[in-house]
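This report describes a protein chain together with its ligand. Please keep the sequence and the structure at hand while reading.

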Amino acid sequence: MVLTVHHLQVSQSERIPWLCEELGIPYELKIYQRAPALAPPEFKALHWTGSAPVITDGDLTLAESGACVQYICEKHGGGRLFPTASHPLYADFLYWFHWANGTFTPTIGRAGMVPDGQDGGGNPMVAYSKKKRDDGFKGLDARLRDNDWLAGNEFTAADVMLVFSLTTLRYFVPMELAPYPNILAYLKRVGEREGVPARDEEVGSGDGVGPGRGGARVVLQEVGEGGQECPVAGPCSQTRRLMLGGILHML
Ligand SMILES: N[C@@H](CCC(=O)N[C@@H](CS)C(=O)NCC(=O)O)C(=O)O
């Protein structure tokens, strides 16, 4: 039974191959290009939500990042990166694991629907959403002041859930991270991770199907003035953007 990761390019499904690399488990990676902005029909056919990520494992088809991450850690990773009740960091882990994609990612998305500096026709939800987003960044920065990782001193699946919102999501919703030095330092730590020790496996073939990219290295890249093309929103004007290379640019 081969675990297959269905990855939509430049999307939050990048969490899943990264997790597999961190765990060092075998998996098959199937890559889908956006067509042009949303997932292509063959991806939409995998699961009724039509949303990435999706994994398949034998007869099982599973969507939703958190469910995929927990399933893989518990079924294929021997519970690694997913602390349980007896672990001293359990409650912190649970909190940040759920906050990362249950609150932070949607809050950023909602706030990003109206560009900063505009009030969305006086809709009070706009100011509310932007405050919630800013509170999220401040709270996260404070958390990372005294903790190397979200749950404390150990890298966990909570970090795998979070990083997309600080990196690739900025293709779609430009965000300035300079006011948050602890978040920047955290991203640098993430960028220095090896994922897993290199394995001698072929990188996927031209049709986007292939074995895991053993040893995929997560490299933090700094992108200079002017930013680069956003796949959906057109050119990003953000001046100083940090992004994860490695997984981001390979996938
Ligand atoms: N909460 C869901 C969100 C999934 C989601 O919105 N995925 C986006 C990728 S960032 C997607 O599939 N967009 C393309 C589409 O809907 O066609 C999760 O974490 O799995």
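## Basis and overall make-up

The model is predicted; local features require pLDDT of at least 70, side-chain atom pairs count only at pLDDT 80 or more, and totals for chains, interfaces and linings use all residues. Residue numbers start from 1 along each chain as its sequence is written.

The protein chain comprises 9 helices and 9 strands, which are DSSP runs numbered from the N terminus (helices H or I, at least four residues; strands E, at least two). Of its 251 residues, 36% are buried. A residue is termed buried if 20 or more other C-beta atoms lie within 10 Å of its own, exposed if 12 or fewer, and partly exposed in between, with C-beta atoms placed from the backbone. Among contacts in the chain with a separation of 6 or more, 66% link residues 24 or more positions apart; a contact requires C-beta atoms, placed from the backbone, within 7 Å.

## Helices α1 and α6

Helix α1 spans residues 15–23 and helix α6 residues 157–166; their axes come within 10 Å and cross at roughly 145°. The axes are lines fitted to C-alpha atoms, for helices over the stretch in contact, and angles run from 0 to 180 degrees between N-to-C directions. R15, W18, L19 and E22 of α1 meet A157, V160, M161 and F164 of α6. By class, this contact has 6 nonpolar, no polar and 2 charged residues. Here Ala, Val, Leu, Ile, Met, Phe, Trp, Tyr, Cys and Pro count as nonpolar, Asp, Glu, Lys and Arg as charged, and the others, Gly among them, as polar.

Helix α1 is largely enclosed by the rest of the structure, because 9 of its 9 residues are buried. Among them are the charged residues R15, E21 and E22. Just after α1, G24 adopts a positive phi of about 70°.

## The nonpolar core

The largest nonpolar core has 51 residues, and L19, V69, W96, A100, A157, A158 and M161 have the most contacts inside it. Such a core is a set of buried Ala, Val, Leu, Ile, Met, Phe, Trp, Tyr and Cys residues joined through C-beta atoms within 7 Å. Leaving aside neighbours within four places in sequence, M161 contacts R15, S65, G66, V69, F97, A100 and N101.

## The ligand shell

The ligand is surrounded by L8, S11, Q12, L38, A39, G50, S51, A52, P53, E64, S65 and N101, where a residue qualifies if its C-beta atom, placed from the backbone, lies within 6 Å of the ligand. This shell has 5 nonpolar, 6 polar and 1 charged residues. The peptide bond from A52 to P53 is cis, with omega near 10°. P53 itself lies in the loop between α2 (41–44) and β3 (54–57).

## Further backbone details

V10, in the loop between β1 (3–8) and α1, has a phi near 50°, a positive value in a residue other than glycine. V10 is buried because 20 other C-beta atoms lie within 10 Å. L81, in the loop between α3 (65–76) and α4, likewise is not glycine and has a positive phi, near 70°. With 21 C-beta neighbours inside 10 Å, L81 is also buried.

R110 belongs to helix α4 (residues 90–111) and has 17 C-beta neighbours inside 10 Å, so R110 counts as partly exposed. The C-alpha atoms of R110 and S129 are separated by 6.5 Å, while the two residues are 19 residues apart along the chain.

Note on methods: Contact = placed C-beta atoms within 7 Å.
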